[in-house]
Amino acid sequence: MYSFFTIYLNFLNLTIIMEGIDNIGKDETTELYISDQSKKYLLETAKWAKFIAIMGFIGIGFMILIGIFMGAFMGSMATASEEFAAWGTGFSALMSVFYISIAVLYLYPVLKLYQFADQIKKALAVNSTEGISLAFESQKSMFKFMGIMTIIVLGLYVILILAGLSGAMAAFM
């Protein structure tokens, strides 16, 4: 059974290792050798990244279409039916804006993923270190954006859960 002290020491050791990894290559200029097997893996990764990016572009297109047609459909439902009239055209416009906003937000990471796939394939074809650096910069940007968006969504979840709990507590009082 691990004690708190053992877990803390493991954490410190991991922190020291991670700091060491961050400092690799800062003091010296060395060339990185990429083996043929690694090139094969990177090319396969590029193919899958390109496939996922293309599917992302298609998904973005569908989300924009859904946003446009959702607004039109819900607006016509509001005028055609008394049940939906209470929702009004404001809700349909809000749904359209929501879907289109999500599609626009999703565009950046999909574009960066596509750039990574394209750049890594070109760089490996001509053995370009600069091209590989550009490709990994695109990949880093995609992951950074997705990480920030994950933090924002988790924060929104916490806020919504707290709002729901406070609403439920207020209802019982």
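Colleague: Which element gives the largest share of the lining of the second largest pocket?

Modeller: α5, with 7 residues. Helices here are DSSP runs (H or I, at least four residues), numbered from the N terminus. The model is predicted: local features need pLDDT of at least 70, side-chain atom pairs count only at pLDDT 80 or more, and totals for chains, interfaces and linings use all residues. Residues are numbered from 1 along each chain as its sequence is written, and side-chain values use heavy atoms, with hydrogens and water left out.

Colleague: What makes a residue part of a pocket lining?

Modeller: An atom within 4 Å of a pocket point. A pocket is an open set of points on a 1 Å grid over the protein atoms alone, where a 1.4 Å probe fits, with protein on both sides within 12 Å along at least five of seven lines. The lining of the second largest pocket includes I102, L105 and Y106, as well as F145, M146 and M149. Its volume, the space filled by probe spheres set on the points, is about 240 Å³.

Colleague: Why is N127 called exposed?

Modeller: Its relative accessibility is 54%. Exposed means over 50%, buried under 20%, partly exposed in between (1.4 Å probe, protein chains only). So N127 counts as exposed. N127 is in the loop between α4 (88–126) and α5 (129–172). It has a positive phi of about 55 degrees, although it is not a glycine.

Colleague: Why does K122 count as exposed?

Modeller: K122 is at 52%, so it counts as exposed. K122 lies in helix α4. Its C-alpha is 9.8 Å from that of L43, 79 residues apart along the chain.

Colleague: Why is I66 called partly exposed?

Modeller: I66 has 40% relative accessibility, so it falls in the partly exposed class. I66 is in helix α2 (residues 36–80).

Terms used:
Helix = DSSP H or I, 4+ residues; strand = E, 2+ residues; numbered from the N terminus.
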